[in-house]
Amino acid sequence: MKPEYKIISDLIEKDAKVLDVGCDDGTLMEFLKINKSVNIRGIEISKKKVQTCIAKGLTVIEGNAEFDLKQFPNDSFEYVVLGQTLQAFINPEIVIKELLRVGNRAIVTIPNFGHWKVRLNLLFKGTMPITNYLPHDWYNTPNIHMCTIKDFVKFSKIINFKIFKSLALINENVSDINNSNLVFKNLFGELGIFLIEK
Amino acid sequence: MSIKQNIKTLIVEKPLKLDCGQTINNFPLAYETYGSLNHEKDNAILVFHALTGDQFVTGINPVTKKDGWWSYAVGSGKSIDTDKYFVICANVIGGCMGSFGPSHENPKTKKIYGTDFPVITINDMVNAQINLLDFFGIKKLFSIVGGSMGGMQVLQFISNYPDKTKTAIPIACTSSHSAQNIAFNELGRQAITADHNWSDGNYNSKNIVPDKGLAVARMAAHITYLSKKGLQEKFGRKLQERDDLKFGFDADFQIESYLRYQGSVFVDRFDANSYLYITRAMDYFDLVKQFNGNLSDAFKHTKAKFFIISFTSDWLYPTQENKDIVIALNAVGANVGFVEIESDKGHDSFLLNVPDFLKALKNFLDKSYAEKFHEARI
């Protein structure tokens, strides 16, 4: 289980209606179902992973978040979770807007491209950075829109959504991000976790 | 054929008002069951058959002496596990395996109905089958399952009886028959009615059968059930028991021979007028129109858990049409899962040995059934 799942779970109220976008093999969905008794749905692009979820008794539809969120009416869910996939979309702006249309709140996690290892990797090696959170080579990565924690905070002002809570994950420890420590968290946070609202 | 002695029949006494306006009562509904109904009566699955199917889902069909049409999916230890579930399947009205259909005698005229039989719809089929629940004393089914026209019945059933099933699995189907679907059905009907033997539908009284027309109808339809890739891989341009072309119109190619065979075995087991009536019912199926253009309204009263399944190479009821059902369900917040199964076996994939499909079906049913124990604990 990914370390951020516990943190995501803590952000979600009990018995809420939740959509996990890009739910993968359903690990987070199962965790939330057991720990928060949430009414949870998933959407996943890989047929194989959808099959895995069905085998776990999870309600998942095969689909692409970029095109298939359209089918959900406004405010269908209390929370919509998007784990480490924002950077893989052709148009992250539309995806964020869609998340906040179908959900009252969204939880978005991003691998932080501003992490010091990433910066040093590019500076000294002169090659595209490969880290735990970014394990791909430049030519086979699904990640086409990398951003930093700072970029995401800036993004919230540009496309106008509220960041209700922001957290950084550093060596599996979680800490709050605020205006005064943003530069620091942007350098040491491996993952940014944001609870956002319209 | 000694049909009658192998067929279980429920005589539906309650009047059924058909969509065409006529009312029928005291009509036969032929059915078969597999497995056993448990004490709580909560393990029943109603299976709906497709155009040319019948109530003999699995095992040896006692009439045709061939395997049941869904032997891959239904049986002991299979996806629809008859050790666990009580499976019910009825021959649709309009059919020719014992249920009220055009080959029956009209009690008023003492003649076989033929085309005097009322035109029936998917809605009528479902409304006839609901009587089976009372007959078995089942308050709520565990699931309703069907592919193709069976899937249409699943959708109609849940829209008519939203609280009569816990889960629903429409497979490779549509909520509204497309122009292409209607076109293919019309081709089949024209083939039948163009056969001189059809005699305006009165072939029974003359002891003849429009076998040529019905065979052509079956051949044309059969092509729509397969994919181009599947056909190419299985037959390609292979020749039939000959080394070279014969420069004539015999079946030179294996595909020709295959289709001719499919046509010829079909006429032995299926009634031409039933083919007309059932294809008509499919063509008239338009759940979107029934709900004034908003398919979601068909599902807004149900709490059932849905699982929609489509196949990549099905061009008769393509994934998009199945996805439209998913979209309509999501629009009303229904509990719906969906998967498109990779297969090059075309529309027929749901009837064949497609392991990913069979696995998904089994997993969904077994996991959903296990939830009842979970609920019981809470």
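In strand 8 of chain B, B:I88 is the bridge partner of B:T33. This is a predicted model: local features need pLDDT of at least 70, side-chain atom pairs count only at pLDDT 80 or more, and totals for chains, interfaces and linings use all residues. Residues are numbered from 1 along each chain as its sequence is written, while chains are lettered from A and ligands numbered from 1 in the order in which they are written.

**Strand 4 of chain B**
- Helices (H or I, at least four residues) and strands (E, at least two) are DSSP runs, numbered from the N terminus.
- Four bridges join strand 4 to strand 8 (residues 86-90) of chain B, and the two run antiparallel.
- Strand 1 (residues 8-12) of chain B is also antiparallel to strand 4, with five bridges.
- B:K8 has B:Y31 of strand 4 as its bridge partner.
- Two strands pair if DSSP finds at least two bridges between them.
- Strand 4 (residues 27-34) of chain B is largely enclosed by the rest of the structure, because six of its eight residues are buried.
- Buried means that 20 or more other C-beta atoms, placed from the backbone, lie within 10 Å of the residue's own.

**Chain B as a whole**
- Chain B has eleven helices and 14 strands.
- Buried residues make up 48% of its 378 residues.
- The C-alpha atoms of chain B fill a box of roughly 75 × 55 × 40 Å, taken along the principal axes.

**Where chains A and B meet**
- 14 residues of chain A are in contact with 19 residues of chain B (C-beta atoms, placed from the backbone, within 7 Å).
- Helix 3 of chain A gives the most to the side touching chain B, with five residues.

Conventions:
Contact = placed C-beta atoms within 7 Å. Buried ≥ 20, exposed ≤ 12 C-beta atoms within 10 Å, placed from the backbone.
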